[in-house]
Amino acid sequence: MNEKNIQRDARSPLLQAGIAERDIRLEHVQLREITNLALARLRSMDSPPGAQASALDVPIETGQCAGTDPVFLCLGPREWLAVSATSTPHRLRTQLQAVTQAARGMAVFDASDALATLRIAGTAAPWLLSKLGGLDFLAGAREGQHCTRTRLGEAAVTIHYREDTQQEWVFDVFVDRSIAAYLWALFLECAPHASELAQTHGAAA
């Protein structure tokens with residue numbers, strides 16, 4: 001682990017809440033906090049988005065994702081979340097501002113320290129999310145990369161379904177850092193039953 005990741009890990013929402021074990025495998029589901037991401041929110045003042053969206057090459061359909069690093073998640077008709085695993089928050093914001101200032105009409109906000117990222121992997125991952133939310137995550141897992149905004153329990157979240165560097169499909173759950181510990185506890189409580197459901201009914205085909 002390099003120095004940058006050590007420094008940012010010290011600002012982990014779960015660690016600050018007193019949770020030391022933040023990478024747990026329970027039968028058919030793995031829960032892990034991710035602390036090395038740079039996150040930025042983008043909002044367009046134009047309706048529909050015009051030159052700014054074209055300059056950044058962001059998707060314009062809600063739920064679509066585009067790019068590699070950063071990847072852009074379309075959260076709504078004029079709103080995106082940019083996610084980078086290689087950049088720093090300052091560098092990502094500066095990079096995006098350089099493009100949006102030329103096109104105008106778009107605002108960029110650093111969200112790296114405002115959000116916690118909880119990653120759910122394993123064959124029981126869609127069952128776990130389906131237990132806590134109203135969406136069909138089993139069917140969604142057959143649709144490839146996408147994103148959505150919903151609620152898990154009482155927590156408002158953004159979910160990015162994606163393929164990680166090990167070619168495993170995972171759910172990255174972005175949640176306000178103030179309630180990250182609550183959501184983590186909810187995941188831990190529901191994970192054993194999600195594993196039972198995956199064993200009984202199978203994984204997403």
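Modeller: We will go through the sheet, then a helix, then the aromatic rings. This is a predicted model, in which local features need pLDDT of at least 70, side-chain atom pairs count only at pLDDT 80 or more, and totals for chains, interfaces and linings use all residues. Residues are numbered from 1 along each chain as its sequence is written, and side-chain values use heavy atoms, with hydrogens and water left out.

Biologist: In what order do the 6 strands of the open sheet lie?

Modeller: Strands (E, at least two residues) and helices (H or I, at least four) are DSSP runs numbered from the N terminus, and two strands pair if DSSP finds at least two bridges between them. Here the order is β1-β2-β8-β11-β10-β9, with antiparallel pairing, and the edge strands, β1 (23–26) and β9 (146–152), each pair on one side only.

Biologist: How many bridges join β9 to β10?

Modeller: There are 7 bridges between β9 and strand β10 (residues 155–163), and R149 has T158 in β10 as its bridge partner.

Biologist: Which strands does helix α7 lie across?

Modeller: Helix α7 (residues 180–201) lies across β1, β2 (29–34), β8 (115–121), β9, β10 and β11.

Biologist: What kind of aromatic pair do F137 and F171 form?

Modeller: Rings of Phe, Tyr and Trp (its six-membered ring) pair if their centres lie within 6.5 Å, with planes under 30 degrees apart counted as stacked, over 60 as edge-to-face and the rest as tilted. F137 and F171 are edge-to-face, at 6.1 Å centre to centre and 85 degrees between the planes. Because F137 lies in helix α6 (residues 137–140) and F171 in strand β11 (residues 169–176), the pair ties together parts that are 34 residues apart in sequence.

Notes: Contact means heavy atoms within 4.5 Å. Axes are lines fitted to C-alpha atoms, for helices over the stretch in contact, and angles run from 0 to 180 degrees between N-to-C directions.
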